[in-house]
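Thanks, everyone. I have one structure to walk through today. Please have a look at it before I start.

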Amino acid sequence: MTDQAQLSFRAMGAACSVLVYAPRAAERLCQVAVSRVALLEQSWSRFRESSELNQLNASAGTGPFVVSGDLLSLVWHMKRAWELTDGLFDPTMLAQIKAAGYDADFATVIARDALASARTWAVPHRSSAMADVKIDLQASTVLLPGDIGLDPGAIGKGLAGDIIAAELMRAGATGVLVDLGGDIVMAGTPGGEDFWAIAVEDERSPNDESREPLIVRFDPVDGSHAIATSSTLYRRWAGGTRHHVMDPRTGLVANPELVQATVWCGAGWLAEVSATAALLMTKDQALAWLQEHQRGFAIMTASQAFSSLVSALHG
């Protein structure tokens with residue numbers, strides 16, 4: 001008989017949940033997952049003054065900085081994501097996103113009404129310094145060039161899902177779903193069900209009760225799965241005039257043709273950065289890039305029908 005447990009909680013500035021199937025102690029594994037998320041957030045958050053990431057950012061320009069295995073893994077995946085997306089995912093935009101008003105956790109940004117400061121935002125022009133970020137896996141060090149700060153963005157949620165799902169499976173779970181603010185990672189078998197099923201909502205009309213979500217089904221036989229969405233439709237401030245998606249080509253808040261990109265593949269971090277990169281492309285570029293890289297996806301512009309841009313390559 002399979003034990004099943006689920007816990008919901010808030011972490012990383014978002015609503016989260018973990019679902020575990022195991023021969024025994026499923027609830028205990030859920031609690032372990034919540035604790036693990038807390039540890040990763042303390043290491044990776046740019047919103048916590050005492051975080052290890054902020055200590056690394058403070059070391060910029062001073063030479064190699066010794067980091068934990070968790071932070072080393074995050075920085076390695078950030079650089080790999082930057083390479084895979086030809087720079088469209090760029091974690092060295094900390095100064096630019098702070099200049100745009102996103103310099104605290106999102107609840108604080110909304111609460112203080114950043115509209116006033118919007119009038120004085122700088123207009124930066126930039127080139128990425130990610131190529132100059134040096135990672136020494138043997139010494140567990142990261143070297144940041146001067147005046148560079150790393151902002152993981154949502155890749156942290158995707159990677160955390162990957163890490164926790166794998167750790168729970170190694171601890172005896174037979175099926176795991178980790179949802180960190182909509183970045184979802186699945187591993188193993190969903191109890192007695194044949195498939196994991198995830199509903200993808202069209203966020204363009206959140207109050208439309210007649211809208212039908214896209215249901216994406218994932219076969220456990222194919223291994224681990226992950227799905228993530230990037231959108232300009234939420235996490236807005238300054239009266240809705242600003243959002244959290246930055247364009248690394250300009251250093252400014254992005255104004256893309258696409259408004260929502262949902263991507264699914266075999267890893268949470270990869271789904272997240274693929275969605276972010278696709279969102280910054282034109283519709284035609286995104287379709288070609290996602291098909292070339294064999295990602296499952298659903299993307300949409302402000303006016304095109306949700307179902308017209310759905311691919312069923314994976315999932």
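Methionine 78 touches Phe89, Pro91, Met130, Leu150, Asp151, Pro152 and Ile155, leaving out residues up to four places away in sequence. This is a predicted model, by the way. Methionine 78 lies in helix H3. Is methionine 78 buried or exposed? Methionine 78 is buried, and its relative accessible area is 0%. Now look further along the chain. Valine 273 is 195 residues away from methionine 78 in sequence, yet their C-alpha atoms are separated by 9.0 Å.

Next, the whole chain. There are 315 residues, and 53% of them count as buried. The secondary structure comes to 9 helices and 17 strands. Take the contacts between residues at least 6 apart in sequence: 63% of those join residues at least 24 apart. The chain exposes about 14300 Å², with carbon and sulfur atoms supplying 50% of that area.

How far should we trust it? The average pLDDT of the chain is 85, and 83% of the residues score at least 70. Over residues 308-315, pLDDT is below 50. That stretch still has 22 contacts in the model beyond near neighbours in sequence. Residues 115-125 also stay under 50, and the model gives them 15 contacts beyond four places in sequence. Where pLDDT is low, the predicted coordinates should not be read in detail.

On to the cores. Which residues have the most contacts inside the largest nonpolar core? They are Val20, Leu56 and Leu168, in a core of 53 residues. Leucine 168 is in contact with Val18, Val20, Leu29, Ala33, Ala173 and Val176, with neighbours within four places in sequence set aside. A second, separate core has 16 residues, including Leu258, Val263, Ala278 and Met281.

Now helix H9, residues 283-292. Its buried residues are Lys283, Ala286, Trp289 and Leu290. Why are they on the same side of H9? Because they cover an arc of only 130° around the axis. As a reminder, an α-helix has 3.6 residues a turn, so residues three or four places apart point the same way. After H9 comes glutamine 294, with a positive phi near 55°.

Methionine 12 has phi near 50°, and methionine 12 is a residue other than glycine. Where is methionine 12? In the loop between E1 and E2. Those strands form a hairpin with 2 residues between them. Strand E1 covers residues 3-11 and strand E2 covers residues 14-22. They run antiparallel, joined by 9 bridges. Alanine 11 has alanine 14 as its bridge partner in E2. Methionine 12 counts as buried because its relative accessible area is 13%, and the cut-off for buried is under 20%.

Aspartate 86 is another residue other than glycine with positive phi, again near 50°. Aspartate 86 is in the loop between H3 and helix H4 (94-99). Is aspartate 86 buried or exposed? Aspartate 86 is exposed, at 73% relative accessible area.

A word on one of the sheets. This is an open sheet of 3 strands, in the order E3-E5-E4, with antiparallel pairing. Which strands stand at the edges? Strand E3 (65-66) and strand E4 (134-136) do. Each has a single partner strand, so one side of each is left without a neighbour in the sheet. E4 and strand E5, residues 141-143, are joined by 3 bridges and run antiparallel. Aspartate 136 has threonine 141 as its bridge partner in E5.

Last stop, serine 43. Serine 43 is in helix H1, residues 26-44. Serine 43 is buried, with 8% relative accessible area. What does serine 43 touch, not counting residues up to four places away in sequence? Serine 43 touches Ser51, Glu52, Leu53, Ser68, Asp70 and Leu71.

That's my tour. Over to you for discussion.

Note on methods:
Residues are numbered from 1 along each chain as its sequence is written. This is a predicted model: local features need pLDDT of at least 70, side-chain atom pairs count only at pLDDT 80 or more; totals for chains, interfaces and linings use all residues. Side-chain values use heavy atoms; hydrogens and water are left out. A nonpolar core is a set of buried Ala, Val, Leu, Ile, Met, Phe, Trp, Tyr and Cys residues joined through side-chain atoms within 4.5 Å. Buried means under 20% relative accessible area, exposed over 50%, partly exposed in between (1.4 Å probe, protein chains only). Contact means heavy atoms within 4.5 Å. Helices (H or I, at least four residues) and strands (E, at least two) are DSSP runs, numbered from the N terminus. The arc is that of the directions from the helix axis to the C-beta atoms. Accessible areas come from the Shrake-Rupley method with a 1.4 Å probe; for residues, only the protein chains shown count as cover. pLDDT is the predictor's confidence in each residue, from 0 to 100. Two strands pair if DSSP finds at least two bridges between them.
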